[in-house]
Amino acid sequence: DEAGQSLVRDCSCRGHSGYAHISCTVKYAEQKNGDVKIRNSAVHVVMENFVGPWKVCPNCHQLYQNELAADLANAFVAFVETNYPLKHGKLFNQWLHVEAHLVKLNQHSQSIKNEEIIQVANSIVNVVGEIKAQNFPLPPPLQRVLQIEAAAYDRLGCLAAIAGTKESLQSAVEHYEKCRDTSKAMGNTTAVTLAEQKIANAKSNLCWGGIDKISRGEIQKHNQYMYEEVVRNLGESSGDALNAGVNLARALKHARRGVEAQRLLKKILATSSRVHGPDHNLTKAIESTLSLAKIRNVAIESRGVLATLMWMCGFETNQFFQFLRYDDGDGDMCVLRGPVQSLNDAGKGKIVTIAAEYLIFVAGTPVMCHGMEDSDDLLEGKIGDIRTWNPKLNRHEVHFEDESLEPCFVSSRNIRILVELPDDD
């Protein structure tokens, strides 16, 4: 017991390892910083040795998270401001301030308010401006400073975009453009691609009031590229790769490719559980995203007597319901609950049982063909996504996971909704 402090652990350690007092963790980081040999090492190596103890657990070698990460970030900034003041005007001190503030900036989702994030990001931009004004050459180690500057502009852009007003969206575009230009000056094509995507998103919301004006395929393509780049550079079990995987899965779902999205989430969930543990923030975030991806909503084709019955039950036309299960082994009758307020909501309300042939499936819903006959029997048991509904044909267009199969229109009575996907052989 260190002055009444409790032991804390918020990394990827499991079992009995990794517990320490926060003050002991701070002392350890300060001691490790004191051991760094500044004069005889490359500057970027020195920076890595300075920053590492404040954000990475020495046991599991994974990032700290939650309140522990925020407390250590604040302690790191205080340590740097006390021992390496900017007033000395040394390049090393300026760089160290930028690194320390980046560690703090990266805890924005944990406990730092938006106003403080803006303050930290602007501090980074100002100090980087001082470094650049000294006309130092920019060999690879000093490009790290520009990487951090780009990250600060990106964070400022994200906060402005979230606000959603005309003025804030204009500000978001300006910040993202600065992020893009800084990344372009470094030759970082991956960061340039991501910044351009965010610029397009902000301009779409600014001009049209909706992200749907941007091609779903373009969003998916950008996220696919980002995920592959991060996995190639950092490995598929890194935190950045797992976050990029979640973003890609969301883009796939938005592009109506529900099967791919769910399979990817299942894969990265297994990786995160194995590497970081089931209680880690990353694992929980992926698990939550997968749960949302498994929600299956449908509309009901109201016609004739069915329309009258729906009206008598208090339901309106053009409402969506959450699919719960099939009421029989043949898949002819479905149990629904709703109506739902949005396509990602779990249904609340009345339970109804209705024939499957009256269902209109939401685009992107994973399905399996069943009860196929004659020339269509090759599609029996095949898995795919719903892409469109054709009211004239009274059929859904299905794109199959097996790319050797051509998309085709299938009747609702020959489609079964899949909540859990069978293993991908």
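**The core and its surroundings**

Guide: In this predicted model, the largest nonpolar core has 50 residues, and Phe50, Phe76, Leu96 and Ile124 have the most contacts inside it. Seven helices each supply at least two residues of this core: H1 (22-35), H2 (43-55), H3 (66-83), H4 (91-105), H5 (114-133), H6 (140-163) and H7 (166-186). The most comes from H3, which gives nine residues. Apart from this core lies another, of 23 residues, among them Ile354, Ala356, Leu359 and Phe361.

A nonpolar core is a set of buried Ala, Val, Leu, Ile, Met, Phe, Trp, Tyr and Cys residues joined through side-chain atoms within 4.5 Å. Buried means under 20% relative accessible area, exposed means over 50%, and partly exposed lies in between, with a 1.4 Å probe and protein chains only. Helices (H or I, at least four residues) and strands (E, at least two) are DSSP runs, numbered from the N terminus. Because the model is predicted, local features need pLDDT of at least 70 and side-chain atom pairs count only at pLDDT 80 or more, while totals for chains, interfaces and linings use all residues. Residues are numbered from 1 along each chain as its sequence is written, and side-chain values use heavy atoms, with hydrogens and water left out. As a general rule, nonpolar side chains in soluble globular proteins tend to be buried together.

Axes are lines fitted to C-alpha atoms, for helices over the stretch in contact, and angles run from 0 to 180 degrees between N-to-C directions. The crossing of H1 and H3 is right-handed. A crossing is left-handed if the near helix is turned anticlockwise from the far one by less than a right angle, and right-handed if clockwise.

Helix H7 has 21 residues and reaches 31 Å from its first C-alpha to its last, close to the 30 Å expected at 1.5 Å a residue. The expected span is 1.5 Å times one less than the number of residues in the helix. Buried residues of H7 include Leu169, Val173, Tyr176, Cys179 and Met186. Just after H7, Gly187 takes a positive phi of about 80°.

Helix H9 (residues 216-234) can be described in the same terms. With 19 residues, H9 reaches 27 Å from its first C-alpha to its last, close to the expected 27 Å. Among its buried residues are Ile219, His222, Met226, Tyr227 and Val230. Gly217 is also found in H9, but at 39% relative accessibility it counts as partly exposed. The C-alpha atoms of Gly217 and Arg256 are separated by 9.7 Å, although these residues are 39 apart along the chain. Just after H9, Gly235 takes a positive phi of about 95°. H9 and helix H10 (residues 239-254) pack at an angle of about 160°, with their axes 8 Å apart. That makes H9 roughly antiparallel to H10, and H9 passes H10 in a left-handed crossing.

The strands come next. An open sheet of five strands has the order S4-S3-S2-S1-S5, with antiparallel pairing. Its edge strands are S4 (350-355) and S5, each of which pairs on one side only. The twist averages 45° from one strand to the next. Two strands pair if DSSP finds at least two bridges between them.

Both faces of strand S1 (residues 297-300) are covered, for Asn297 and Ala299 on one side and Val298 and Ile300 on the other are all buried. S1 pairs with strand S2 (residues 320-326) in the antiparallel sense over three bridges, and Asn297 stands opposite Gln322 in S2. Three bridges also join S1 to strand S5 (residues 359-361), again antiparallel. In S5, Ala299 has Ile360 as its bridge partner, and Ile300 stands opposite Leu359. Leu359 also belongs to the core of 23 residues.

Note on methods. Parallel < 35°, antiparallel > 145°, perpendicular 65-115°, else oblique.
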